[in-house]
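Q: Can you walk me through this one? Let's begin with the aromatic rings.

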Amino acid sequence: MVHYRRHYLCGGTWFFTVNLRNRRRYLLTRHIAALRQSQRVRPFTVDAWVVLPEHMHCIWTLPPDDADFSLRWREIKRRFTLAINQRDLWQPRFWEHTIRDAVDYQRHCDYCYFNPVKHGWVKRVAEWPFSSFHRDVRRGCYPADWGGKDVDMAVGERAFPASLRSAGLPNL
């Protein structure tokens, strides 16, 4: 049996990827209200979230005295499964990455928000309705037209101007 080593850190921030078992079943966006309702479990802060038809990416921060993101995912999956009356929906487990610093955080937010463009669902980030990107635009964290010319279309991360990239500086 495989033993997964998760990094549990009270009050930590994580990036997650969660997939449906059958990636051809477009149930998440079709049942977005049920998915939103299923998130009403133990408290956590949604830093970023994008829901695609068959998978989702998000960044959460847990309360200072709590590190149990696994329990939250188990409950979200269970509640959504019951709400839409389906069985055997989810891929087992989920992928998680502990956010290390501000640059790591920004890159993962960018990745979340650019994902619908990357997968060909829309041409511009702002066109995808199932994303906390719109909330972050209202908060002034992103310009409304982000995801156009200032984004490296291959990876979905903010790109430095070509003059800085040629100087050997990484994308941030």
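Q: How many aromatic pairs does the structure hold?
A: The structure holds 25 aromatic pairs. Rings of Phe, Tyr and Trp (its six-membered ring) pair if their centres lie within 6.5 Å; planes under 30 degrees apart are stacked, over 60 edge-to-face, and the rest tilted.

Q: What geometry do phenylalanine 16 and phenylalanine 94 have as a pair?
A: Phenylalanine 16 and phenylalanine 94 are edge-to-face, with 5.7 Å centre to centre and 75° between the planes. The pair links distant parts of the chain, 78 residues apart: phenylalanine 16 is in strand 1 (residues 13–19), and phenylalanine 94 is in the loop between helix 3 (69–84) and strand 4 (95–98). Helices (H or I, at least four residues) and strands (E, at least two) are DSSP runs, numbered from the N terminus.

Q: What kind of model is it, and which pLDDT limits apply?
A: This is a predicted model; local features need pLDDT of at least 70, side-chain atom pairs count only at pLDDT 80 or more, and totals for chains, interfaces and linings use all residues. Residues are numbered from 1 along each chain as its sequence is written, and side-chain values use heavy atoms, with hydrogens and water left out.

Q: Phenylalanine 16 and phenylalanine 94: buried or exposed?
A: Phenylalanine 16 and phenylalanine 94 are both buried. Buried means under 20% relative accessible area, exposed over 50%, and partly exposed in between (1.4 Å probe, protein chains only).

Q: And what about tyrosine 113 and tyrosine 142?
A: Tyrosine 113 and tyrosine 142 form an edge-to-face pair, 5.2 Å centre to centre with 80° between the planes. The two are 29 residues apart, tyrosine 113 in helix 4 (residues 102–118) and tyrosine 142 in the loop between helix 5 (133–138) and strand 5 (151–152). Tyrosine 113 is buried at a relative accessible area of 1%, and tyrosine 142 is buried at 5%.

Q: Which residues form the aromatic cluster?
A: One aromatic cluster is formed by Tyr8, Trp14, Phe16, Phe44, Trp49, Trp60, Phe69, Trp73 and Phe94.

Q: Which ring does the charged end of arginine 6 sit over?
A: The charged end of arginine 6 sits over the ring of phenylalanine 94, 4.0 Å from its centre. The criterion is NZ of Lys or CZ of Arg within 6 Å of the ring centre and within 35 degrees of the ring normal.

Q: Switching to the core. Which residues have the most contacts inside the largest nonpolar core?
A: Trp60 and Trp73 have the most contacts inside the largest nonpolar core, which has 25 residues. A nonpolar core is a set of buried Ala, Val, Leu, Ile, Met, Phe, Trp, Tyr and Cys residues joined through side-chain atoms within 4.5 Å. Helix 3 gives the largest share of this core, five residues.

Q: Where is tryptophan 14?
A: Tryptophan 14 is in strand 1, and it counts as buried at 0% relative accessibility. Its C-alpha atom is separated by 8.9 Å from that of arginine 100, 86 residues apart along the chain.

Q: Backbone next. What is phi of aspartate 88?
A: Phi of aspartate 88 is near 55°, a positive value in a residue other than glycine. Most residues other than glycine have a negative phi. Aspartate 88 is in the loop between helix 3 and strand 4 and is exposed, with a relative accessible area of 55%.

Q: And arginine 93, what is its phi?
A: Arginine 93 has a positive phi of about 65° and is not a glycine. Arginine 93 is also found in the loop between helix 3 and strand 4, and counts as partly exposed at 42% relative accessibility.
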